[in-house]
Amino acid sequence: MSVVTYRQALHDTLRAEMLRDENVFLIGEEIGVFEGSYKITAGLLAEFGERRVRDTPIAEEGFTGAAIGAAMLGLRPVVEIMTINFTLLAIDQIVNHAAKIYGMFGGQAKVPLVIRTPGGGGQQLGATHSQNIELYYAFVPGMKVVAPSTPADAKALLLAAIRDDDPVLFLENLALYNTKGEVPDDDTPAEIGKAAVTREGHDLTLIGYSRMAYVASHVAQELSESDGLDIEVIDLRSLRPLDRETIINSVKKTHAAVVLEDDWLTYGIGAEIAATISDGAFDYLDAPVRRVAMAEVPMPYSKVLESAALPSNDDVRNAIYQTLDAIGRRHHKMGQGHD
Amino acid sequence: MTDTARTKRKTSAPKAAKALATTKPSAPKAAVADERKVQYYRDMMLIRRFEERAARGYTQALIGGYCHLNLGEEAAVVGLMTALRETDYLFTNYREHGYAILRGIDPNRVMAELYGRVDGISKGWGGSMHMFDLTHRLLGGYGIVGGQLPLATGAALAIDYRSLDEIVMCTMGDGTANIGAFHESLNIAALWQLPIVYVIINNHLGMGTTVDKASAEPELYKRGASYKMASERVNGLDPILVAEAAARAVATARSGRPFLLEVVTERLRGHSVVDPAKYRSAEETALVKERDPVHTFAAQLLAEGLLDEAALTHIDEEATKRANEAHAFAEASPMPDVSTLFDYTYATPVANDSRRLPGEPLFAPAPRATPEVLP
């Protein structure tokens, strides 16, 4: 066990997998000589050479599709797309090809492909560089979409993604790259399709993924200290497949849920979670499922406007308070806390 | 032909092709060449009759969806496929039935795929546009225009990665030359010197939009110059010319350099079986019929004395019989069982994969409260 950053965990795992399996290679823009826009691939060109760390032209559709074709012949490419916004330039290859090839040809060709790409927001990058559009891929059967929120999961889910025989969109997050955490030394892949209860509690279920799972843990910890609240936190980790059972089991216990998402609310991931809770735990709910999501605007550049558009820790706290107030549970808890 | 292509041909055109062009072949060689011509004709006729049988199957509602036929492109298909080794890979677009058959796939299984049956080469999951057979290295018909180009480029990358002696051929229609994936793929293949032949089947028409109205440079092979890629245009109505050009292109790819081959052909009917092609004038339709490569090649073989009328009739009858057999096989093949609906979503089994049919709830409904427990 060692404490490393999310960035370092990704780097070390890529390197270890390239050492383990000759078929694993990296392909993307500026990943070699430039060492990656976010330096995840630093030093790998020097160590592995151009054959296995392949700088590409600015041609997302071309190089993502080439990676898919190479995967069809048994290689295990790990594509880096600089940010998830640019996956839109490759969406035909991802949605119409990577996600379809196994099924469309009756199971004859596998596509063992990983697309690593960071989502974000909060970096003053404006409307075209601040979107969180993982939903577009999570919508598609045939794709797997995973979203680690900790360095340990960054490692375990990347191991799983590289060793999986299906196309996996591996969602990173700009705000998480410098976060630190304990990472186990052993190479045990995570199980794709499983959420994690990262904090047990009885008062309310707080659900998030990627950056918002990180926010959820922090807010739950703060509310435990400040208000004596006992909040259960679920990190979805996998957006497709979605682990509905873990969500339902938690809500059956807590009777209330707040869903956090860095994407837009309408038709968003949170809508799917809320519908799942309605389907599976309707009779157990004491309050409507509350969603905290980005404001529905193209992201502005100006810091004041950008901050207003993004979900903050205060937004999360308020949503929790309002949900608990509606069912009269917070006063009781606070009363206990002040006894 | 570009300058690069011209130089290339002078230096490394296959010996057989040179011999045909410049010297009088010796008697045994001529016999081989004659037998090859007859085989070309047999293959062209098989595609012709198979596709006509498919068109009938469509009107009989045995085939659904879109159905694009190789009618008029038989010489192109035959010539191209002769250039490939069994170990080479082929990617095509959605007009690919003839290619599948000439790769050596049983026509029965091609027709069964059209009929959506379990014995189809894609088990009934692909249909007309998505023929696939790993054993014969047909790595897919693709329904999205241009979708196969990046994939084929990646297959060539995998061959290069493993230092193998195989090549990839990637066919496309003329309209594909204008899609972004065309540029991105050819640029990448040329940058990385990948073993791939891109083939534009230019039948002069997108669906109804002509090449002149879609491409600022309608001589599509010239696009190769943008990538310093050797390229060539060939008459696609003559299987021998296509075969020779394809052999040159494949030899270039096998030497580790990509090639762009434009094969100029005709589309005998509409874009798909339901298209009456009203956008074509009577004169144009008449001209296309006059140029029909199957008839033209038959006349050539007659004139050369390689086949007589009886032999031509026999070849036609054999092809018709084969197409009818394919129909009978396909019609007798079972429909897929609905229980297999979720078998091909993922190659690696995964937790919480959805197997819900449209009418089923996500969760089993809670038992209804009975009157006894109500207050």
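Begin by selecting residues 114-119 and 168-173 of chain A, which are strands β5 and β7, running parallel and joined by 6 bridges. Strands (E, at least two residues) and helices (H or I, at least four residues) are DSSP runs, numbered from the N terminus. Within this pair, pick A:R116, whose bridge partner in β7(A) is A:F170.

This is a predicted model, in which local features need pLDDT of at least 70 and side-chain atom pairs count only at pLDDT 80 or more, while totals for chains, interfaces and linings use all residues. Residues are numbered from 1 along each chain as its sequence is written, and chains are lettered from A and ligands numbered from 1 in the order in which they are written.

Now widen the selection to the open sheet of 7 strands in chain A, ordered β3-β2-β4-β5-β7-β6-β12 with mixed pairing, where two strands pair if DSSP finds at least two bridges between them. At the edges stand β3 (53-55) and β12 (238-240) of chain A, each with a single partner strand, so one side of each has no neighbour in the sheet.

Finally, turn to chain B and select residues 239-254, which form helix α10. How many of the 16 residues of α10(B) are buried? The count is 12, so the helix is largely enclosed by the rest of the structure; a residue is buried if 20 or more other C-beta atoms, placed from the backbone, lie within 10 Å of its own. Among the buried residues are B:P239, B:E244 and B:R248. Just after α10(B), B:G256 takes a positive phi of about 95 degrees.

Methods
The expected span of a helix is 1.5 Å times one less than its number of residues.
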